[in-house]
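Open the model in your viewer and keep the selection panel at hand. We will go stop by stop.

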Amino acid sequence: MKVQPREAEAFCAKPPDAVVAVLVYGPDGGLVRERATALRASVVPDAEDPFRIAELTADDLKKDPALLRDEAQAIAFGGGRRVVKVRDAGDGLAKLFDSFLKEPAGDALIVVEAGDLAPRGLRKAFEGAKRGAAVACYRDEGEGLRTLIRQHLSAAGLQAAPDALEFLAARLGGDRRLTRQELDKLILYVGGSQPATVDLEAAEAVIGDTAERTLDDLALAVGAGDLQASLRDLARAWAEGANAITLLRAVSRHLQRLHLLSGEIAKGKRPDEAVKGLRPPVFWKHRGALAAQARGWPAARLGWALGRLLEAEAACKKTGAPTQLLAERALLEIAARAPRRR
């Protein structure tokens with residue numbers, strides 16, 4: 001069974017009784033963990049219950065495949081349905097789960113956590129099974145991300161001003177767990193004695209130094225043609241766990257903004273006015289650099305750079321592609337051809 005995105009939250013909160021195993025996978029590791037936790041809690045509310053929760057890794061199952069059936073059939077001391085969590089799964093476990101799902105054993109709920117997977121192997125085993133299900137976890141974006149921000153702030157008695165909401169939506173969403181952590185920091189910063197509305201100034205003060213800021217720094221460095229800064233920010237982004245496509249899209253959004261700004265400037269608008277009119281708002285420290293880059297980049301070269309990023313993203317999606325190398329090559333190539341290169 002393939003769970004549709006709009007049904008994922010409800011499914012994980014209360015999976016159908018007929019489902020014995022659920023694969024939770026995707027590039028958003030925080031969301032994978034959050035949904036896996038919801039699945040576990042639907043059966044065993046106490047996360048520390050040692051009798052009803054078993055944890056296995058992919059390596060455990062590769063060394064001893066029989067562990068899966070043994071744990072699925074085990075009876076909890078004191079009774080109650082059990083949960084078997086499998087971490088770090090990959091396509092190497094596809095045959096094992098394909099066999100298990102054809103003839104399930106026991107009544108435990110098997111919750112399998114995995115990273116980004118191609119539509120074959122492990123995904124195919126779960127999506128094609130009558131008693132299995134696959135739940136994809138992609139980064140929050142668009143209206144879905146805005147709803148998440150509103151709900152998280154609302155639970156603390158706060159609401160975001162429109163410009164603050166757009167600012168937050170532009171800088172969060174890469175990882176559900178990190179998004180919630182950053183919003184918790186914002187809630188603490190605003191505090192109960194402050195107004196119930198989170199304004200742009202508060203959002204910039206708290207979110208200004210997050211991992212998302214690394215992407216902004218990288219995009220600005222590439223746009224400025226600063227190779228040294230680009231290499232530094234690339235290294236920092238990899239260390240923070242960013243993936244290649246996230247980096248490529250961050251720079252692509254930056255170049256699209258430059259294209260929009262150059263059009264506004266060509267119509268006679270002052271660069272600083274054009275930058276202030278952008279939505280979501282631009283972090284104040286970056287406004288001058290963005291205006292300067294908008295004046296310097298010719299439209300034809302922006303078109304080439306955006307095409308090069310699309311080409312790199314397509315290459316990264318091929319099975320077995322060296323994604324980090326492909327992304328770095330494309331970004332440094334664009335930086336090398338940027339106007340005002342230092």
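**Before you click**

This is a predicted model: local features need pLDDT of at least 70, side-chain atom pairs count only at pLDDT 80 or more, and totals for chains, interfaces and linings use all residues. Numbering starts from 1 along each chain as its sequence is written, and side-chain values use heavy atoms, leaving out hydrogens and water.

**Stop 1: the sheet**

Show the cartoon. Helices (H or I, at least four residues) and strands (E, at least two) are DSSP runs, numbered from the N terminus. Two strands pair if DSSP finds at least two bridges between them. Look for an open sheet of five strands in the order 2-3-4-1-5, with parallel pairing. Neighbouring strands are turned by 20 degrees against each other on average, direction ignored. Axes here are lines fitted to C-alpha atoms, for helices over the stretch in contact, and angles run from 0 to 180 degrees between N-to-C directions.

Now select residues 21–25. This is strand 1, which pairs with strand 5 in the parallel sense over five bridges. Which residue of strand 5 stands opposite Ala 21? Gly 132 does.

**Stop 2: helices on the sheet**

Select residues 29–43. This is helix 2, and it packs on the sheet. It touches strand 1, strand 2, strand 3 (83–89), strand 4 (109–114) and strand 5. Contact means heavy atoms within 4.5 Å. The direction of helix 2 makes about 175 degrees with that of strand 4.

Next, select residues 66–73. Helix 4 lies across strand 2, strand 3 and strand 4. Helix 4 runs at about 170 degrees to strand 2.

**Stop 3: charged pairs**

A salt bridge is a side-chain nitrogen of Lys or Arg within 4 Å of a carboxyl oxygen of Asp or Glu. The structure holds 23 of these salt bridges.

Start with Arg 87 and Glu 55. Their closest N and O atoms are 3.4 Å apart. The pair links distant parts of the chain: Arg 87 sits in strand 3 and Glu 55 in strand 2, 32 residues apart. Buried means under 20% relative accessible area, exposed over 50%, partly exposed in between (1.4 Å probe, protein chains only). Arg 87 is at 31% and Glu 55 at 45%, so Arg 87 and Glu 55 count as partly exposed.

Go to helix 5 (residues 94–102). Asp 98 and Lys 102 lie in this helix, four residues apart, about one turn. Their side chains meet in a salt bridge, 3.3 Å from N to O. Asp 98 is partly exposed at 30%, while Lys 102 is exposed at 62%.

Then select Arg 232 and Asp 233. Their salt bridge spans 3.3 Å, N to O. Arg 232 is exposed at 53%, whereas Asp 233 is buried at 0%.

Finish this stop with a group selection: Glu 9, Glu 34, Arg 35, Asp 140, Arg 176 and Arg 180. Salt bridges link these residues in a network.

**Stop 4: the cysteines**

How many disulfides are there? The count comes to zero, where a disulfide is a pair of cysteine sulfur atoms within 2.5 Å. Select Cys 137. The closest cysteine sulfur, in Cys 12, is 6.9 Å from its own, too far for a bond. Cys 137 is buried, with a relative accessible area of 0%. Last, select Cys 316, which is buried at 7%.
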